[in-house]
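Please look over the sequence and the structure shown here before reading on.

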Amino acid sequence: MKKLILTLIAAVGLAAGAAHAAGGDTIAWDKAPNKTNDMASLQNGAKVFVNYCLNCHSAAFMRFNRLRDIGLTEQQIKDNLLFTTDKVGETMKASIDPKQAKEWFGANPPDLTVIARSRAGHGGTGADYLYTFLRTFYRDDTKATGWNNLAFPSVGMPHVLWQMQGDRRPVFEERESHGHKVQVFKGWEQMKPGTMTSLQFDQTVGDLVNYLQWMGEPAQNTRVRVGVWVLIFLGIFTVIAWRLNAAFWKDVK
């Protein structure tokens, strides 16, 4: 029993040390827009995904022609989104060689088909995590990629959207917590402007996250709509059954 208690104490200490080394407590996740019914947002998100994410990350369980569900024609898909294959019926495979990816980043970049469903945690939904993660990169010359991230410290992924967002650095404030001095995140200092304003960049990331969320379950909106009509039908049928029951048993009573 004593060994178990000591082990738990050591584990908590290591976790706290890791959090302090990363710049204090884990930051709170921002709320994602969650506009999976917005066709314009989903189309822009698909465009950003293909142009910036599909170079390294695959979406091996999503076919290009499924993008017709978000309002794109097959010709639009062929003209604007087919960069890694010639067939609109093919799945979304990354253009990077897996061996090269492992050499450059230390691991093969994960498949993103259901990434929005697999990253949910105590801080919020998977979409909330992705929305926070993609917006909290900052320059860090001590890292191999030259970038670091507040939501995922020491991540091996570079900031692929840096030209849009520009260069920023986090501002920390030193505070005392449980007898230890910790660095608490206070905000951002813009070092070099990007091609977008902060509001435009947040909207673009929101569109990308909306698409990732939709891609994890393309039938979700249809399922919800059908579910509402099923509940309405069951409600009406319950009233009819109740009245029929009353009519059948009135003579017996």
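## Salt bridges and a helix contact

Arg 66 has a relative accessibility of 35% and therefore counts as partly exposed, a class lying between buried (under 20% relative accessible area) and exposed (over 50%), with a 1.4 Å probe and protein chains only. The model is predicted, so local features need pLDDT of at least 70 and side-chain atom pairs count only at pLDDT 80 or more, while totals for chains, interfaces and linings use all residues. Residues are numbered from 1 along each chain as its sequence is written, and side-chain values use heavy atoms, with hydrogens and water left out.

Side chains of opposite charge can pair when their charged atoms come close. A search of the whole structure finds ten salt bridges, each being a side-chain nitrogen of Lys or Arg within 4 Å of a carboxyl oxygen of Asp or Glu.

| Pair | N to O distance |
|---|---|
| Asp 69 and Arg 66 | 2.3 Å |
| Arg 175 and Glu 173 | 2.8 Å |
| Asp 128 and Lys 31 | 3.7 Å |

Asp 128 lies in helix H6 and Lys 31 in the loop between helix H1 and H2, so this pair ties together parts that are 97 residues apart in sequence. Asp 128, at 5% relative accessibility, is buried, whereas Lys 31, at 62%, is exposed.

Helices here are DSSP runs (H or I, at least four residues), numbered from the N terminus. H2 (residues 39-53) packs against H8 at an angle of about 95°, with their axes 7 Å apart.

Key: Axes are lines fitted to C-alpha atoms, for helices over the stretch in contact, and angles run from 0 to 180 degrees between N-to-C directions. Helices (H or I, at least four residues) and strands (E, at least two) are DSSP runs, numbered from the N terminus.
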